[in-house]
Amino acid sequence: MQTASKWRYYPWLLTRPTLLGGAGLVTILRLLPFYYHAGIRIVVSPFGEIENDVFVASLRAALEILREFDPLRYSRVRRCIRTVHATRLRRAIAGYWPIGRMCEVNWPRILGLTDQSTGRVLALADVLVHEATHGAVFARFIAYDRARRHRVEALCKKEERRFRRRMEETMPRVTERVTLLLSP
Ligand SMILES: [Zn+2]
């Protein structure tokens, strides 16, 4: 017997106990100092040994690059991400919590990828594009479980690649903009 669809729609709230952990985390993060950019709350973990200024400037530049060079994905990022939390994660480069629409970024890991500020800003923009795609999938009540995981990740990576291709087409201008955005 065949099931109606491999992609069954049901509320993700009931599917993952970790979501409740996300709600707790979002509540705690509300107590920390924060910055705002384009309606997105930026919080830096006090435990990650992260330089606030560098991270916040890089994230702002990443959002500006998205706004200027990829408006469609920028609007998805704004719709699906309410809070960006810079922290140190054990393995992943980033994560997404549907409750609170929060994107966690492993900033120390991004710093380890490259010495160049343009590279870091673009890696951050990649992360935003990827995690916002997760947000868009959650918003359609598609659960992130073992059966769907690979398809969802493939979709998010595809979006990342499309964004990258767009950046590569206009690279000299992008680099110029990032340099200007990061200059004091
Ligand atoms: Zn992912």
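On one side of helix α3, P71 and L72 are exposed, a label for residues with 12 or fewer other C-beta atoms within 10 Å of their own. A residue counts as buried with 20 or more such neighbours and as partly exposed in between, the C-beta atoms being placed from the backbone. Helix α3 covers residues 71–80, and its buried residues are R73, Y74, R76, V77 and C80. Looking down the axis of α3, these buried residues fall within an arc of 160°, so they line one face of the helix. The arc is taken from the directions that lead from the helix axis to the C-beta atoms. As background, an α-helix has 3.6 residues a turn, so residues three or four places apart point the same way.

## About the model

Please keep in mind that this is a predicted model, in which local features need pLDDT of at least 70 and side-chain atom pairs count only at pLDDT 80 or more, while totals for chains, interfaces and linings use all residues. Residues are numbered from 1 along each chain as its sequence is written.

## The overall layout

The protein has seven helices and five strands. Their order from the N terminus is α-β-β-α-α-β-β-β-α-α-α-α. These elements are DSSP runs numbered from the N terminus: helices are H or I with at least four residues, and strands are E with at least two.

Of the 184 residues in the protein, 32% are buried. Among contacts between residues at least 6 apart in sequence, 64% join residues at least 24 apart. Two residues are in contact if their C-beta atoms, placed from the backbone, lie within 7 Å.

## What α3 packs against

The buried residues of α3 pack against α2, α5 (117–139) and α6 (146–169). Let's take α5 as the partner here. The axes of α3 and α5 are 8 Å apart and the helices pack at an angle of about 60°. That makes α3 oblique to α5, the term for angles that are not under 35 degrees (roughly parallel), over 145 (roughly antiparallel) or 65 to 115 (roughly perpendicular). Axes are lines fitted to C-alpha atoms, for helices over the stretch in contact, and angles run from 0 to 180 degrees between N-to-C directions.

In this pair, R73, R76, V77 and C80 of α3 meet L128, V129, A132, G135, A136 and A139 of α5.

## Strand β2 and its partners

Strand β2 (residues 40–44) is mostly covered, with four of its five residues buried. Four bridges join β2 to strand β1 (residues 34–37), and the two run antiparallel. Here Y35 stands opposite I42 in β2. The hairpin of β1 and β2 has two residues between the strands, and A38 takes a positive phi near 50° there.

Strand β3 (residues 83–87) is also joined to β2 by four bridges, but these strands run parallel. In this pairing R41 stands opposite T83 in β3. Strands pair if DSSP finds at least two bridges between them.

V174 is found in helix α7 (residues 171–182). V174 is buried because 20 other C-beta atoms lie within 10 Å. Leaving aside neighbours within four places in sequence, V174 is in contact with I65, F69 and M167. V174 and F69 are 105 residues apart in sequence, with their C-alpha atoms 8.0 Å apart.

A57 is found in helix α2 (residues 52–69). With 17 other C-beta atoms within 10 Å, A57 is partly exposed. The C-alpha atoms of A57 and P184 are separated by 9.6 Å, although 127 residues lie along the chain from one to the other.
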